[in-house]
Amino acid sequence: MEGFVYRDYDGLGLAELVKNKQVQPKEVLGEAVKMIEEKNPKLNAVIHKLYEKAEKQLEHLNMEGVFAGVPFVLKDITQEIEGEKITSGSKAFQAYRAKADSEYVKRVRNTGVLFVAQTNVPEFALMGITEPKFYGPTRNPWDENYTPGGSSGGSAAAVASGMVPIAGANDGGGSIRIPGAYCGLFGLKPTRGRTPVGPNYGRLWQGASVEHILSRTVRDSATMLDQIQIYEKYAAFHAPPFQGSYLQSVLEPMNEKLTIAFTVRSPLGTEVDHVCKQAVYKAAKLLESMGHHVVEKEPPIDGRKIAKSYLTMYFGEVAATLASLEDVLGRKPMMGDVELTTWILGLVGKATPAEEIVQSIREWDRAAFIMEEFHETYDLFMTPTTAFPPARIGELEPSNAEKAAMQLAGKLGLGRILKKAGVVEQVAENNLKRTPFTQLANLTGQPAMTVPLHLTAADLPVGVQLMAARGKENLLLSLAGKLEQTDYWVPVQTNPKYA
């Protein structure tokens, strides 16, 4: 098509061009490859290229799929293609090949997308930044000196730079919403049990983690959710059924006037940057101008208890992952097989009693009950997505003194002592204080989204988060579709570097 500019179209827009034969799928794939080759050397968003596999997909492309011919990147953890590398950002998995397609990959492939690459993640998706030692840091397309967030940072950078319009992502503590906020994208974490987890798992991170995508437009996210939502018989959790169309929720007029509670206070009682507060106050005024009732109110939840329960699960999951490495490596894992921080987190997890894990899950269930009651009065709950704008690359790296202490503790196996002293919990909380708002929805199983409504003085994106009751993704998507039509929405094309 004369004048075709690949990066001007979202996923549905590209699919429409392909179906109308205005462009050939091969041409679209060529443009995606060109963009990856041009942008990736600076951004390091893509770590494994699947160009040949994508070209083979063209031979039996599902032209009936809603995203027929649309280039797509997968996140390098859980989103497995049979026979392909899946390293979870760790050198320990560098020789590992997936034994089967994940259910997520199967359902996404059925939409007609072309898998062109896999994206960078922090080791085992543990951080809110994407700076694995094995692959190096991914950089933010808005300013390469800053992080795109994590753990879906590679996917976010790929979408925000124009490499692809949509990308695979997952969210166990904010890993869709944090990079969505930092990169000016739309990011929806669905209700627990809404999207696939199989066949290798019945739950991910005890149900905290959910699969979906990052996108530039709300309609792409809604359409993909229509396509990949699933009832898996073997899954530990099932979302409340939804009989309608998520895309229609975006497109139809919103006649309902919502009652929306908001807060700008960190659940940890720690600092929140003024620009993140400003984004929420601006969003509150916008929502009021749209006829919604907005009130400053927060649910009666102990944020520090929630953070502790999240970290307890987090430590335990790291310990379990390290234990499973023996099957991959053919020997017991050693400290040098993984990053130092990962090893220390695993030691603490190993020293965590089973009763603490059970107590933490009970805390999640109590919080879920409180939030369901809260949503009987308030349709949505709004917060900043993050407490601070993006950090600089390397800013959150442990100090030399901290590294030396961790090195000694790792060599001596002092997990129990570290746990008793609360050292690792303090380090983890210091990182959580930058992103304290996102974990609640993971633990309660609620859907939550980040919307790009603000920029800092340095033109870095700032996100606003909205949460709904379980099963109410349609409400979030409907509102997001209306916000997207306002002048407050910040499209990635605003970034001068996007072109």
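Reader: What makes the set of 53 residues a nonpolar core, and which residues have the most contacts inside it?

Author: In this predicted model, the largest nonpolar core has 53 residues. The name applies because such a set consists of buried residues of nonpolar kinds, joined through side-chain atoms within 4.5 Å. Phe72 and Phe115 have the most contacts inside this core. Helix H2 (residues 25–43) gives the largest share of the core, 6 residues.

Reader: Which residues is Phe115 in contact with, leaving aside its neighbours within four places in sequence?

Author: Contact requires heavy atoms within 4.5 Å. Among the residues that Phe115 touches in this sense are Leu50, Ala54, Phe72, Leu74, Ile81 and Val105. Gln57 and Arg109 also belong to that list. Apart from this core lies another, of 44 residues, including Phe124, Leu311, Tyr314 and Val348.

Reader: Why is helix H11 (residues 340–350) called largely enclosed by the rest of the structure?

Author: A residue is buried when its relative accessible area is under 20%. In H11, 9 of the 11 residues are buried, so the helix is described as largely enclosed. Trp343, Ile344 and Val348 are among these buried residues.

Reader: How many residues of helix H5 (residues 153–160) are buried, and what do they pack against?

Author: For H5 the count is 8 of 8, so this helix too is largely enclosed by the rest of the structure. Gly153, Ser155 and Val159 are among its buried residues. The buried residues of H5 pack against H2, strands S2 (71–75), S3 (114–119), S4 (166–171) and S6 (210–215), and helix H6 (177–183). Just after H5, Gly162 has a positive phi of about 95°.

Key. Residues are numbered from 1 along each chain as its sequence is written. This is a predicted model: local features need pLDDT of at least 70, side-chain atom pairs count only at pLDDT 80 or more; totals for chains, interfaces and linings use all residues. Side-chain values use heavy atoms; hydrogens and water are left out. Buried means under 20% relative accessible area, exposed over 50%, partly exposed in between (1.4 Å probe, protein chains only). Helices (H or I, at least four residues) and strands (E, at least two) are DSSP runs, numbered from the N terminus.
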